[in-house]
Amino acid sequence: MTEPFRLDGKPSITAVGSEMRSYYGRPIVKEPVWTWEIPTYFFTGGLAGASAVLSSAARLAGNRKLARRALYIGAVADLVSPMLLVSDLGRPERFHHMFRVVKVTSPMNLGSWVLLVSGGASTTAALLQLLDRWKPIRIAASIVSTLAGPPLATYTGVLVADTAIPVWHEGRHELPWIFGASAAASAGAAASMFVPPREAGPARRLAVAGVLAEGALVQAMELRLGKIGEVYHQGEAGKLSWAAKGLSVAGAALLARRGHKSRAAAVVGGALVCAGELSLRWAVFKAGFQSARDPKYVVESQRRRIEQDGTKATTRPAS
Amino acid sequence: MNLLQDLLEPQADPDGWEAYGDEQKERVGFFTDTSVCIGCKACEVACKEWNVIPEDGRIWTGESYDHTSQLDANTWRHVAFVEQRKPLVGDGDGSTGLRWLMESDVCKHCTHAACLDVCPTGSLFRTEFGTVVVQQDICNGCGYCVPACPFGVLDKRHIEATTDPPPAFLGRKEDGRVWKCTLCYDRLKGGHEPACAKACPTKSIQFGPLEELRERADARLAKLEGEGWNGAQLYGRDPEDGVGGFGAFFLLLDDPEVYGLPPDPVVTTRDLPEMWTNMLAAAGALLAGVTVLTLLGSRK
């Protein structure tokens, strides 16, 4: 058989085409159109949610300083979060369309409602704390933000998992847990930075426990993902994954060893853990883009499913 | 719309369609028979013309006759061209035969549509004809439907807005909303067939009531089988597939991935009830974990 002639000597499309199991290597699912605001929000939303819980728990424990500072940290993160989200919209002036409906099939819709409740409650509580007024209202607002906090910190895992991106959808079992652990770590780390070491014991413990739990959960997710999970070791997602591990483990170690004695060590350690948690959210974000870009992840995972369960997507002749 | 119920117990009918009651119309769709497509791209042109879709640049791809490349915000019909060293009919011995596959791709108007499910504003909706349409006056460009679609159909329009531009104070000219095939909702309302089907010179694109199209497709598949065509298969015809059947389905002459289509698409929200339960457990663990860690340490 003579190959079709080409000036550059490369195999012609016709020759390549007979072997091709994708359409010119083009992606099947679209890459997300989300920009830098979204992974940053995953971090600030998690920080806000877990800080609200830390604040209330510290108040129960009688640690007023930690309770107040965590409340302020959470309120600031809760204020920044909606700004990031609105900025990412293609039509920011229509942000309020998020509240036209209540829709359980849309994690983004329910998440918007949770952020509205959490943000409203935590900023109210923080403002009343600053003014030192209307204690019953402040307590009520604190309770609301404490209950809204954990869903706020974890729903973002469902948000990315509820897509057709292979590495996100197949990671659906672990992602909300990873985001929850990461949120706990960042809330503990941020409080360690802003609270004197003597009162920051629970915050440091939270940071260390969060980093450990998240490390184990990420491993569990990668085991489950198998080949699809290779994007976490390649390209930008690979670099970010290493940064996430390195920064958060170094920060947690510093907090554990020196955080109780030195304020400087607590500040540096807390900052390192926060940087690590931000990197983790970015790693997950970028992994999704890489997973969408190469059609092999869609085709191979679906072909494997077809081998096991068959498919009804295609109907072949009876013979 | 009772989307929660549809989520927990998917029905054979399109999600949300039943809400129309007496105003519900017969479900319509496309049967795209690629075995008679000649790659003329009349569908692409008719679609662009009728729907006033802006020009978004021309790039030479070197991929056969395809310089459109994919469905996106500014392309709602896309003709794929695949060149294969394989005879159209019969096995051949590998030394003879060349076939040129052409397929006009379009939004599938899924029975269980992920884009419609995840849309946080309710901009994406089910029409009385059982199709899926974006309401451009509602869409705020959140982009969630873009990675949710298992076919990569939806996309955000990044070029300058031609209608309804963003307010001046934003300092943006980009349209910023998501666009896709409407199955010519306006034409359906007026009792006409969609522009692409109207323009198709070979009846590769057939429009009509979905049930009727399915019967027609079965007959066509049986005919091609009898004639020994290579790789003939229907794609998206079965109401029991991962998206509950396509409103716009296909007759292909090779596996779906050869045309850039997913071989076994599943609506992502099928797993959402399980995901919500899992998330609630994670949230509970976070609440308990932080509280216990804080209280235990403080007692010392």
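## Confidence in chain A

The average pLDDT of chain A is 93, and 93% of its residues score at least 70. Two stretches call for more care. Over residues 1-7 of chain A, pLDDT stays under 50, and the model has eight contacts beyond four places in sequence for this stretch. Residues 9-20 of chain A also stay under 50, with 20 contacts beyond four places in sequence. Where pLDDT is low, the predicted coordinates should not be read in detail.

## Chain B at a glance

Chain B holds eight helices and ten strands. Its C-alpha atoms fill a box of roughly 85 × 50 × 50 Å along the principal axes. Of the 300 residues in chain B, 54% are buried. Turning to contacts in chain B between residues at least 6 apart in sequence, 62% of them join residues at least 24 apart.

E2(B) pairs with strand E3 of chain B, residues 99-106, in the antiparallel sense over eight bridges. Within this pairing, Val82(B) has Leu101(B) of E3(B) as its bridge partner.

Now to a sheet with strands from both chains. Five strands form an open sheet with mixed pairing, in the order E1(A)-E9(B)-E10(B)-E1(B)-E8(B).

Where does chain A join in? E1(A) pairs with strand E9 of chain B (residues 233-235) in the antiparallel sense over two bridges. Here Thr315(A) stands opposite Leu234(B) in E9(B).

## The contact between the chains

The contact takes 85 residues from chain A and 83 residues from chain B. On the side of chain A that touches chain B, the elements giving two or more residues include H2 (37-60), H4 (107-131), H8 (201-225), H11 (295-309) and E1 of chain A. H5(A) gives the most to this side, with eight residues. By class, the side of chain A that touches chain B has 46 nonpolar, 24 polar and 15 charged residues.

## Two helices of chain A

H5(A) (135-161) and H7(A) (175-194) both give two or more residues to the side that touches chain B, and these two helices also meet one another. Their axes come within 7 Å and cross at roughly 145°, and the crossing is right-handed.

From H5(A), the residues that meet H7(A) are Ala153(A), Thr154(A), Thr156(A), Gly157(A), Val158(A), Val160(A) and Ala161(A). Their counterparts in H7(A) are Leu175(A), Pro176(A), Ile178(A), Phe179(A), Gly180(A) and Ala183(A). The residues of this contact divide into nine nonpolar, four polar and no charged.

Notes:
Residues are numbered from 1 along each chain as its sequence is written. Chains are lettered from A and ligands numbered from 1 in the order in which they are written. This is a predicted model: local features need pLDDT of at least 70, side-chain atom pairs count only at pLDDT 80 or more; totals for chains, interfaces and linings use all residues. Two strands pair if DSSP finds at least two bridges between them. Helices (H or I, at least four residues) and strands (E, at least two) are DSSP runs, numbered from the N terminus. pLDDT is the predictor's confidence in each residue, from 0 to 100. Two residues are in contact if their C-beta atoms, placed from the backbone, lie within 7 Å. Ala, Val, Leu, Ile, Met, Phe, Trp, Tyr, Cys and Pro count as nonpolar, Asp, Glu, Lys and Arg as charged, and the others, Gly among them, as polar. Axes are lines fitted to C-alpha atoms, for helices over the stretch in contact, and angles run from 0 to 180 degrees between N-to-C directions. A crossing is left-handed if the near helix is turned anticlockwise from the far one by less than a right angle, and right-handed if clockwise. A residue is buried if 20 or more other C-beta atoms lie within 10 Å of its own, exposed if 12 or fewer, and partly exposed in between; C-beta atoms are placed from the backbone.
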